[in-house]
Amino acid sequence: MDLRQLAALTAVADHRSFSAAARALHTVQSNVSAHIANLERELGTPLVDRTSGQLTEAGELVVVRARRVQSELDALAADVASSL
């Protein structure tokens, strides 16, 4: 699991499509799809329903945690910046 995978899933949740998520992340749709597919393989469950574009229940759980991770990373960067 890596941060790019979590960012891709969060972007799909926020923008409601793989192509819109790719635009928001300044990448191509195939990269977003690959990141999510790798994350799904690693976790052993679908995170996005490909027919509707909606997150699955597991996908929703992962997004909640991914947002917490991103929040902690932002706080870490702010802490370091304020200590300089």
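Predicted model: local features only at pLDDT ≥ 70, side-chain atom pairs only at ≥ 80, totals over all residues.
## Overall fold

## Confidence of the model

The mean pLDDT of the protein is 96, and 100% of its residues reach 70 or more. Among the parts of the protein, confidence is highest in helix 3, which covers residues 29-43, at 98, while it is lowest in helix 4, at a mean of 96.

## Helix 1 against helix 2

Two packed helices are described by the angle between their axes and the distance between the axes. Helix 1, made of residues 3-15, packs against helix 2, made of residues 18-25, at an angle of about 115°, and their axes lie 8 Å apart. The crossing in which helix 1 passes helix 2 is right-handed.

On the side of helix 1, the residues that meet helix 2 are Ala 7, Ala 8, Ala 11, Val 12 and His 15, and their partners in helix 2 are Phe 18, Ala 20, Ala 21, Ala 24 and Leu 25. Sorted by class, this contact of helix 1 with helix 2 has 9 nonpolar residues and 1 polar residue, with no charged residues.

## Helix 1 against helix 4

Helix 1 also packs with helix 4, at an angle of about 115° and with the axes 9 Å apart, and the crossing of these two helices is left-handed. Helix 1 contributes Leu 3, Leu 6, Leu 9, Thr 10, Ala 13 and Asp 14 to the contact, whereas helix 4 contributes Gly 59, Val 62, Val 63, Ala 66, Arg 67, Val 69 and Leu 73. By class, the contact of helix 1 with helix 4 has 9 nonpolar, 2 polar and 2 charged residues.

## The largest pocket

The largest pocket holds about 160 Å³ of space. Its lining is formed by Leu 3, Leu 6, Ala 7, Thr 10, Ala 11, Asp 14, Leu 25, Ala 66, Arg 67, Val 69, Gln 70 and Leu 73.

Helix 1 and helix 4, the latter spanning 57-83, each supply at least two residues of this lining, and the largest share, 6 residues, comes from helix 1. The residues of the lining divide into 8 nonpolar, 2 polar and 2 charged.

Conventions
Residues numbered from 1 in each chain as written. Heavy atoms only, no water. Axes fitted to C-alpha atoms, helices over the stretch in contact; angles between N-to-C directions. Helix = DSSP H or I, 4+ residues; strand = E, 2+ residues; numbered from the N terminus. Left-handed = near helix turned anticlockwise from the far one by under 90°. Contact = heavy atoms within 4.5 Å. Nonpolar A, V, L, I, M, F, W, Y, C, P; charged D, E, K, R; others polar. 1 Å grid on protein atoms, 1.4 Å probe; cavity = no way out; pocket = protein on both sides within 12 Å on 5 of 7 lines; lining within 4 Å. Points joined across faces, edges and corners; volume = space filled by probe spheres on them. pLDDT = per-residue confidence, 0-100.
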